[in-house]
Amino acid sequence: MKPYVELKYITKRFPGVLALDAVNFNVMPGEIHALLGENGAGKTVLTNILSGRYDLNEGEIFIQGERIDPSKWSARAALDRGIGMVYQDFMLVEEHTVLENIALADLSIPFIPDFDQIRKTIADFGTKYQLDVDPDAKIWQLSVSEKQRVEIIKALMHGSKILIMDEPTAVLTPQEADELFKIVKKLAKEGTSIIFISHKLPEVFEICDRITVLRKGEYIGTVNVADTNEKDLAKMMVGREVFLQTEKAKYKPGLPVLVLKNISALSDRRIKALNNLSLTVHESEIFGIAGVSGNGQKELAEVITGLRPITNGNIHVNGNDITENTPRKAIKEGIGHIPDDRIGMGVVPDLGMPKSMVLKNYKESRFSFKGIFLKKAEITNYTKKLIKKFNIKTSGMSSPVKLLSGGNLQKVILAREISEEPCMMVAVHPTQGLDIGATEFVRDTLEKQRVDGAAILLISEDLEELMAVSDRIGVIYEGEIMDIMLTKDTTIEDLGLKMTGGSHVAA
Ligand SMILES: Nc1ncnc2c1ncn2[C@@H]1O[C@H](COP(=O)(O)OP(=O)(O)OP(=O)(O)O)[C@@H](O)[C@H]1O
Ligand SMILES: [Mg+2]
């Protein structure tokens, strides 16, 4: 069998970065091919070249054995040759229906789209690939995984033979990811190829056929899933042994740090999001919150960090009443925050690295005179230290942070939040989008803070992470803590069941 696409010796340079250095990559028809590598390895850039979004500097592209003239390669040309992209930042019009979005996306459909025909095609895809969506639902009414399905349908309607999925599970709950895997397997069985980018090795082993590994822009190799294991892959990606298990010190909780009593709060839509919730996190304790997203996790983090007022109850930190909480009060009490929406809340896209690092604390005397004149040399030194410590890959300190790879941008925020040594840390999905080396580092850092006496609230949908890191786990469901248990007394299956409200079926 001939590869559907073949990329040979692809080289791509950006000012100051060699993003890809003579990389080879090929995809067979009906194959699920994983693209792995550390943050900044070049995965997204490589798929952007294949999908015609970026020009290449050197190298060759073959589609079904035919050499493509690089000067004629564009997003449109790629689409016409069957290269489809399942967008992560969802290019859908929120107030339109699914049907309208799909109809209007397909440029090959005549001026007035045949809605009945499209409706039928959507239904056919639904049966054939388990791609169920309601064609008449408005996009804003859909869950993330449903939006993803709409993107897949859009790509298939274009006749895509290859679907590029760049970290598609990063935004999904474990249950939603399982559904996606079923769809992906069906698609592959019917002959569609999938390029699957992920940092989660277990899922790569679950669904992929072959794996190509990049490291710092270099092609390391391509292996069959059947011929490798997680340890070897980690070594290929990072270039050294990686310890996938965090060593944990014995659980010896100290005094209560965070005490929430009977907290209620409203969501952005003015619906009750937290319902009479109580919990306590102690010194030297990592308290995990497990739950299907949308059950109050976001609001819980915001209430503690002063971003959202409460309608009932009270909050104490180290005995101080911060019921009337504000972000400033929370920072003063030593509460650190790794927010969920790191791009929206964590950084200003056009700022360079040094200013991004001191965004929250530039007023401190070590970084500025009276909060007005910045101490440039100090800030630069501080930034250099963090770049080194967190192994952040950047083309230059002053280039805007929006040009960083997804994972490296995460690291900037993590570096800033974690290095302040808070007494209380609210960490929301702290390792999402991070490569294994960085994940190891973040977990080790949380563990170090725990040993040093910090109280940590870890909100995550990654049950394996919760089990590996937490001392106790509380299950949140519809804004209430349903159950609190010692991690050693529970299992992933048990948590999964409780997260959906016991007998409830997840939406
Ligand atoms: N438009 C751009 N301008 C300048 N540099 C860029 C641009 N896009 C990517 N880069 C750089 O190219 C390198 C590879 O980035 P890429 O986004 O492909 O990484 P990645 O493997 O997808 O990482 P992650 O796992 O973090 O998403 C990085 O150093 C990144 O900063
Ligand atoms: Mg990427």
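Analyst: Strands are DSSP runs of E with at least two residues, and they are numbered from the N terminus. By that count, serine 284 lies in the loop between β12 and β13. The model is predicted.

User: Why does serine 284 count as buried?

Analyst: Set its count against the cut-off. A residue is buried if 20 or more other C-beta atoms lie within 10 Å of its own. Serine 284 has 21 C-beta neighbours inside 10 Å, so it counts as buried.

User: What is the phi of serine 284, which is not a glycine?

Analyst: Serine 284 has a positive phi of about 55°. Most residues other than glycine have a negative phi.

User: Where is arginine 270, and what is its phi?

Analyst: Arginine 270 sits in the loop between β11 (256–266) and β12 (272–282). Its phi is near 65°, a positive value in a residue other than glycine.

User: How do you know whether arginine 270 is buried or exposed?

Analyst: Count the neighbours again. The cut-off for exposed is 12 or fewer. Arginine 270 has 7 C-beta neighbours inside 10 Å, so it counts as exposed.

User: What makes leucine 359 partly exposed?

Analyst: Leucine 359 has 15 C-beta neighbours inside 10 Å, so it is partly exposed. Leucine 359 is found in the loop between α12 (353–357) and β17 (368–369). Its C-alpha atom is 30 Å from that of alanine 290, which is 69 residues apart along the chain.

User: Why does aspartate 132 count as partly exposed?

Analyst: Aspartate 132 has 14 C-beta neighbours inside 10 Å, so it counts as partly exposed. Aspartate 132 belongs to the loop between α4 (115–129) and α5 (144–157). The C-alpha atoms of aspartate 132 and glutamate 146 are separated by 8.0 Å, and the two are 14 residues apart along the chain.

User: How do you know that aspartate 166 is buried?

Analyst: Buried needs 20 or more. Aspartate 166 has 21 C-beta neighbours inside 10 Å, so it counts as buried. Aspartate 166 is in strand β7 (residues 162–166).

User: Which residues is aspartate 166 in contact with, leaving aside its neighbours within four places in sequence?

Analyst: They are Thr44, Thr47, Gln88 and Ile197. Contact here means C-beta atoms within 7 Å. Aspartate 166 and leucine 35 are 131 residues apart along the chain, with 9.1 Å between their C-alpha atoms.

User: Why is helix α9 called mostly covered?

Analyst: Apply the cut-off of 20 or more to each residue of α9 (residues 297–304). Eight of its eight residues are buried. Among them are Lys298, Glu299, Leu300 and Val303. Just after α9, glycine 306 has a positive phi of about 80°.

User: What makes the buried residues of α17 line one face of the helix?

Analyst: In α17 (residues 492–499), the buried residues are Leu495, Lys498 and Met499. Seen down the axis of α17, they fall within an arc of 100°, so they line one face. An α-helix has 3.6 residues a turn, so residues three or four places apart point the same way. What covers the buried residues of α17 includes β13 (285–290) and α16 (463–469).

User: How do you know that the span of α15 agrees with what it should be?

Analyst: The expected span is 1.5 Å times one less than the number of residues. Helix α15 (residues 436–451) has 16 residues and should span 22 Å; its end C-alpha atoms are 22 Å apart, so the two agree. Just after α15, glycine 453 takes a positive phi of about 105°.

User: Why does ligand 1 lie between domain 1 and domain 3?

Analyst: Domain 1 (5–238) and domain 3 (347–419) both give residues to the shell around ligand 1, so ligand 1 lies between them. The shell has 20 residues, and the closest are Phe14, Asn39, Thr44, Ser405 and Gly407. By class, there are seven nonpolar, 10 polar and three charged. β2 (17–27), α1 (43–50) and α14 (406–418) each supply at least two of the shell residues.

User: How many residues of domain 2 are in contact with domain 3?

Analyst: Nine residues of domain 2 are in contact with eight residues of domain 3. The side of domain 2 that touches domain 3 has five nonpolar, three polar and one charged residues. The centres of these two domains, taken over C-alpha atoms, are 26 Å apart.

Definitions and conventions. Residues numbered from 1 in each chain as written. Chains lettered and ligands numbered in written order. Predicted model: local features only at pLDDT ≥ 70, side-chain atom pairs only at ≥ 80, totals over all residues. Near = placed C-beta within 6 Å. Helix = DSSP H or I, 4+ residues; strand = E, 2+ residues; numbered from the N terminus. Nonpolar A, V, L, I, M, F, W, Y, C, P; charged D, E, K, R; others polar. Domains from an automatic or database assignment. Contact = placed C-beta atoms within 7 Å. Arc of directions from axis to C-beta.
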